[in-house]
Amino acid sequence: MISERDSETTFDEDSQPNDEVMPYSDDETEDELDSQQPAVEPGQNQISRDTEESQEPLKKDCSWQVKANDERFYEQPQFKRTIFLCFKKSKYSGNAIRTYKYNPITFLPLNLFEQFKRAANFYFLVLLILQSIPQITTLSWYTTLVPLLLVLGITAVKDLVDDIARHRMDNEVNNRTCEVIRDGRFKATKWKDIKVGDIIRLKKNTFVPADILLLSSSEPNSLCYVETAELDGETNLKFKMALEVTHRYLQEESAMADFNGLIECEEPNNRLDKFAGTLFWRNMCYSLDADKILLRGCKIRNTDFCHGVVIFAGADTKIMKNSGKTRFKRTKIDSLMNYMVYTIFVVLILLSAGLAIGHTYWEQQIGNSSWYLYDGQDFSPPYRGFLNFWGYIIVLNTMVPISLYVSVEVIRLGQSYFINWDLQMYYPEKDTAAKARTTTLNEQLGQIHYIFSDKTGTLTQNIMTFKKCCINGQRYGDWRDGAGQLQSHPEKVDFSWNKYADGKFLFYDHYLIEQIKSGKEPEIQKFFFLLAICHTVMVDTSDGQLNYQAASPDEGALVTAARNLGYVFLSRTQNTITISEMGIERTYDVLAILDFNSDRKRMSVIVRESGGNIRLYCKGADTVIYERLHPRNLKREATEEALDIFANETLRTLCLCYRDISHDEFEAWNKKFVEASVATTNRDEALDKVYEEIEKNLILLGATAIEDKLQDGVPETISRLSEADIKIWVLTGDKK
């Protein structure tokens, strides 16, 4: 079966790897490579020679190459870059990370450079230089040096303490351990010693040390559940799935040690949700996407162990590409103080210039003719005025407030402690207090004018509940009895007839249940069948209970609703999905999954039913679904009216639709789909174009409505922020 998640192609004799396109290690001859190539297995997807030739230029565009278990591979000249003159360094970063700003050598010059960016500090440095010139000094040089050193010292100590904390954090992270293949066996290795191409083993509840390609895991079909809170703040589990071929052959330690696959992929970048690459192994090529990659910063959950090969390490990982360089941040108060000091400079210079001009005039009129004022120096009056200009600059230095910066630093430090001690910002339910993580920016909190907030999971609880639906133009979900009559008081539906019901699902429309049980409405059957089959949810069974793991709470709510209403998602493999339809178990072949993304706003699945018919099921936002509907959809207006009603009730809506596909149409489309799925450049655009060809002339089934309640205290919080004249913008989906 062909799916986007596991697209494979075979090589012909002439298209085998060569040194220019796909280098291999020096210790492997072409004869040895040929001997490692097994026969093509039945059922694996093959692409014609024309397709392979069309892909060849794309391979050459992918300059990032990773060879598993082969250190000598990375010593080749094409993987070196010039860092200075003739000195060269590998373009592959080590896995040690660095977030600190200073080291023992750079601390003094860098910190002084940053501090002398402050106008007052720079002024007193110039003043100190002037005081060291005997002809113009009016005060001893140490009268400026001592306070300047005091100011610089206090600020430097504060910066040093902050940076020492960063050093400790870096050392703690770099010295974590995981198991890495060394000399044919897994051995405990520090994170900082991990290199690109290493095979590593990760265990439950451990962090991922680098960006790795998932090869296999302890779970069925080599699933791996990860928590991405460190990357995107989301606490719900996401799942990754290895290629079927690596799941099948890379389970034992010896197989891991012998693995010599070559990965060609995109250069390191900061796109957390994108990845395009190809694995070349055993004379086959396999498409790689973001669903097969574990990113540094993820945490392994609900998976005893998993194996992977390191693709990006250290500074090349996506999380480090997003972190950027540590910058010296300035607040509005800093900018205001600099502006004030510059103004004082101008006043000081004008005042000193006026006094110097007056002194020159006095020298010409009185000083030269007064013998008792002669100092033994035969300087002209203009030159004496010039020297006195600098003398006045020194004498009037008290106009520039050097202690202002120290005072502000002390105030900021005190403010940060007050923030930490503030009882009104203490959350007793989770024993969490406010914490000021920096002493540099806290006064900015009082100068906020705008707040841009996400809605789902920030203002809402991110706990989705299926509430209502519209099927074939008919709305369901109100308080109704079995005959369809509205009730004044809600009465919960009894799901005891369904052995798979989870006992937590609350529904009050008895009429819909009667319609499902009667089986007289084929549109209702298709509707809930679509909810049970068109998703990426994974399931595991514990103590006889089904537990769904959904990457999105919306999907979890829809699959759970279908489960309680008689259409139960039971299990899935790489190419099949098993569903219980009102007590009858059936297994369907999954021919392709057309993934959801924020641009498409929809997902589809193509399945082969028991009779051999091929059908596409699709769900997505109404704006994109309505554009792709067949012109003769009789219930279009009724469904649109239902969507408006659901939106006015602040419910989240999705449209459901399907279409039948002929065998000839699918075969022609599938060839394009496989070609696009192994493209190494512009893969997303190629796939989107192919998806558009099949997602058309859809037949509308109906719409779902899901509730996501507000978190406690949200209205009061918004009201208080409004009282403080803070403007709030909420970033929502495509509904007002």
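## Burial and cysteines

Buried means under 20% relative accessible area, exposed means over 50%, and partly exposed lies in between, using a 1.4 Å probe and protein chains only. Cys285 has 8% relative accessibility, so Cys285 counts as buried. Cys178 is buried too, because its relative accessibility is 9%. The structure holds 0 disulfides, where a disulfide is a pair of cysteine sulfur atoms within 2.5 Å.

## The model

This is a predicted model, in which local features need pLDDT of at least 70, side-chain atom pairs count only at pLDDT 80 or more, and totals for chains, interfaces and linings use all residues. Residues are numbered from 1 along each chain as its sequence is written, and side-chain values use heavy atoms, with hydrogens and water left out.

## The chain as a whole

The protein chain comes to 20 helices and 29 strands. Helices (H or I, at least four residues) and strands (E, at least two) are DSSP runs, numbered from the N terminus. Of the 736 residues of the protein chain, 47% count as buried.

Contact means heavy atoms within 4.5 Å. Take the contacts between residues at least 6 apart in sequence: 69% of these join residues at least 24 apart.

## Helices α14 and α15

Helix α14 spans residues 522–533 and helix α15 spans residues 553–564. They pack at an angle of about 130 degrees, with their axes 8 Å apart. Axes are lines fitted to C-alpha atoms, for helices over the stretch in contact, and angles run from 0 to 180 degrees between N-to-C directions. α14 and α15 are therefore oblique to each other. Angles under 35 degrees count as roughly parallel, over 145 as roughly antiparallel, 65 to 115 as roughly perpendicular and the rest as oblique.

α14 passes α15 in a left-handed crossing. A crossing is left-handed if the near helix is turned anticlockwise from the far one by less than a right angle, and right-handed if clockwise. From α14, Phe528, Leu531 and Ala532 meet Leu558, Val559 and Ala562 of α15. The residues of this contact are 6 nonpolar, no polar and no charged. Here Ala, Val, Leu, Ile, Met, Phe, Trp, Tyr, Cys and Pro count as nonpolar, Asp, Glu, Lys and Arg as charged, and the others, Gly among them, as polar.

## Helices α10 and α11

Helix α10 (residues 332–365) packs with helix α11 (residues 381–395) at an angle of about 145 degrees. Their axes are 8 Å apart. The crossing of α10 and α11 is right-handed. On α10, the contact residues include Leu348, Ile349, His359 and Glu363. On α11, they include Pro381, Arg384, Phe389 and Tyr392. The contact of α10 with α11 divides into 10 nonpolar, 6 polar and 2 charged residues.

## Single residues

Lys467 sits in strand β18 (residues 460–471). Lys467 is partly exposed, with a relative accessible area of 29%. Leaving aside neighbours within four places in sequence, Lys467 is in contact with Gly477, Phe507, Leu651, Ala705 and Glu707. Lys467 and Ala561 are 94 residues apart along the chain, and their C-alpha atoms are separated by 9.1 Å. Met169 lies in helix α5 (residues 142–174) and is partly exposed at 48%. Met169 and Arg98 are 71 residues apart in sequence and 9.5 Å apart in space, C-alpha to C-alpha.

Asn69 has a positive phi, near 55 degrees, in a residue other than glycine. Asn69 is in the loop between β2 (64–67) and β3 (80–84). Asn69 is partly exposed, with a relative accessible area of 31%. Asn283 also has a positive phi, near 65 degrees. Asn283 lies in the loop between β12 (276–281) and β13 (284–289).
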